[in-house]
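Trainee: I have a protein chain open and would like to go through its structure with you. Could we start with the terms?

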Amino acid sequence: MGSGTERIRELIEDDYLNTLADTGRTPPYVRCFRIMAAVLGGKGYGQTDYLWSCLAFHEFFQKHVGTGPGDGRRLTDALRCESQQALFETLECLAPDIVIVWGKELWQRDLPQKGRE
């Protein structure tokens, strides 16, 4: 397993896409990505796996904030600032037409409110 910053790439490429190509199935722990592709592609589960060749997935927090859902003990103002800067650099570089944010708390608490819709 690679560093935390490379783990999402490994999940998408190795655990999801390569396993899918080899077996025709995906492991349970990566189904959220396949479901997201189905929602974005609008063609149903398993019909839009090709979307990952034209999507970018960005993990907002650049370090682990805790040990599980609801555990934010390592979440600091410095980490929020660092993560916001990384997001802005990614958005500037990729210039996407659409940005999808997973997480109500992230949307309300950690992302700047100005200029978003």
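Mentor: Helices are DSSP runs of H or I with at least four residues, strands are runs of E with at least two, and both are numbered from the N terminus. With those terms, the protein chain reads α-α-α-α along the sequence.

Trainee: How many helices and strands are there in the protein chain?

Mentor: The protein chain has four helices and zero strands. Please note that this is a predicted model, in which local features need pLDDT of at least 70 and side-chain atom pairs count only at pLDDT 80 or more, while totals for chains, interfaces and linings use all residues. Residues are numbered from 1 along each chain as its sequence is written, and side-chain values use heavy atoms, with hydrogens and water left out.

Trainee: What percentage of the residues is buried?

Mentor: Of the 117 residues in the protein chain, 28% are buried. Buried means under 20% relative accessible area, exposed means over 50%, and partly exposed lies in between, with a 1.4 Å probe and protein chains only.

Trainee: Which residues make up the largest nonpolar core?

Mentor: That core has eleven residues: Ile8, Leu11, Ile12, Tyr16, Leu20, Val30, Phe33, Met36, Ala37, Leu51 and Trp52. A nonpolar core is a set of buried Ala, Val, Leu, Ile, Met, Phe, Trp, Tyr and Cys residues joined through side-chain atoms within 4.5 Å. Helices α1 (4–23) and α2 (31–41) each supply at least two residues of this core. The largest share, five residues, comes from α1.

Trainee: And what is Met36 in contact with, leaving aside its neighbours within four places in sequence?

Mentor: With those neighbours set aside, Met36 is in contact with Trp52, Phe57 and Trp102, where contact means heavy atoms within 4.5 Å. There is also a second, separate core of eight residues, among them Phe60, Phe61, Leu87 and Leu106.

Trainee: Changing topic, which side chains meet in a salt bridge?

Mentor: Those of Arg80 and Asp77, at 3.4 Å from N to O. The structure holds one salt bridge, a term for a side-chain nitrogen of Lys or Arg within 4 Å of a carboxyl oxygen of Asp or Glu. The two residues are three apart in helix α3 (residues 77–94), which means that about one helical turn separates them.

Trainee: Is Arg80 buried or exposed?

Mentor: Arg80 counts as buried because its relative accessibility is 19%. Asp77, by contrast, has 61% relative accessibility and therefore counts as exposed.

Trainee: Which other residues of α3 are buried?

Mentor: Besides Arg80, the buried residues of α3 are Leu79, Ser83, Ala86 and Leu87. Seen down the axis of α3, the buried residues fall within an arc of 130 degrees, so they line one face of the helix; the arc is that of the directions from the helix axis to the C-beta atoms. They pack against α4 (104–110). On the other side of α3, Asp77, Ala78, Glu92 and Cys93 are exposed.

Trainee: What span should α3 have?

Mentor: The 18 residues of α3 should span 26 Å at 1.5 Å a residue, and the end C-alpha atoms are 26 Å apart, which agrees. The expected span is 1.5 Å times one less than the number of residues.
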